[in-house]
Amino acid sequence: MEQEHQQRTSVRLVVVDPELDAQCDRVEQRLLVPLAGAPREGCDHALFADGLAAFRRVRATLAEAVARGPRVWTPNGRWEHEGLRVVQLPAEETDLLYALLRELSGALVASPQPSGGVAAFLGEVSSNGESAAGLVGALARVLSMVDLAPDADTEVLFTALKAPGSEDVRLSYAQEEAWQRLAHRVTMLLTESAPLHRFLY
C-alpha cells in the first residue's frame, strides 16, 4: 500500500510566489467556485466539484510546504528566495485538474447551447466583464507552475533543497545562477511578460 502511495505522489520543485497566489485566488473565486456551486444542464458537475476540492488541496499543500521550509538564501546569505520549495503532490490531484482544464478549453471554442452547459457559462462570464479565456488561461498557468517541466536548472535546485543535514539552504553561485534562470521562466509563465525585479537581487 505504501509503495502504491509513493507511485501516485510526485515530488516537484515549485516557486510559491505572490503572483501565483493571486492567480490561484482568481481561478478559485471567479471560475471554479461558480462552476461547482450551480449544477448546469449538460455539465459534468462532479468534475467541477471535485476539481474545486482538488484545487484547494493543492493550495493547502503549497502553503504547508512554504511554512515547513527549508528557507533558501542567496550565496552571500543576505537575501531569501521565499517560496522556493520541494513539494509532494498526489498525481491524481493534478490529473484531475488537467482533465478540468481540457473540459474548459474545449468549451472555449464550442458554441453555447440553448440549454446551458460549460460554453454557456463561459459566455456569461465574458458578458459580465471577465475574460473567460483569461480565467481558463490562469488555470493553465497555475498548473504549469505546480507541474514545472524539469530541466537542468530545476534539477540543480531540487538537489540543493533535498540535501540532508541543514534546515536552511544557502545556494552556491552556480545554484544561484540556476535560480535566476528559473525565476525568468516562472515570471514568463505567470505574467506572460518580461522578468520582474522582485526576483533579481
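Me: What is the mean pLDDT of the protein?
Reply: This is a predicted model, in which local features need pLDDT of at least 70, side-chain atom pairs count only at pLDDT 80 or more, and totals for chains, interfaces and linings use all residues. Residues are numbered from 1 along each chain as its sequence is written, and side-chain values use heavy atoms, leaving out hydrogens and water. pLDDT is the predictor's confidence in each residue, from 0 to 100. In the protein, 79% of residues reach 70 or more, and the mean is 82.

Me: Which helix has the lowest confidence in the protein?
Reply: Confidence is highest in strand β2 (residues 72-73), at a mean of 94. Helices (H or I, at least four residues) and strands (E, at least two) are DSSP runs, numbered from the N terminus. The lowest mean, 43, belongs to helix α1.

Me: How many contacts beyond near neighbours in sequence does the stretch of residues 1-7 have?
Reply: Contact means heavy atoms within 4.5 Å. Over residues 1-7 the pLDDT is below 50. Where pLDDT is low, the predicted coordinates should not be read in detail. The number of such contacts in the model is zero.

Me: Where does α2 bend?
Reply: Helix α2 covers residues 18-37. A bend is the angle between axes fitted to the seven residues ending at a residue and the seven starting there. In α2 that angle is about 35 degrees, at Glu-28.

Me: Which residue touches Arg-26, Leu-104 and Phe-121?
Reply: Residues up to four places away in sequence are not counted here. The list of partners also includes Leu-122, Leu-135 and Val-136. The residue is Leu-31.

Definitions and conventions:
The expected span of a helix is 1.5 Å times one less than its number of residues.
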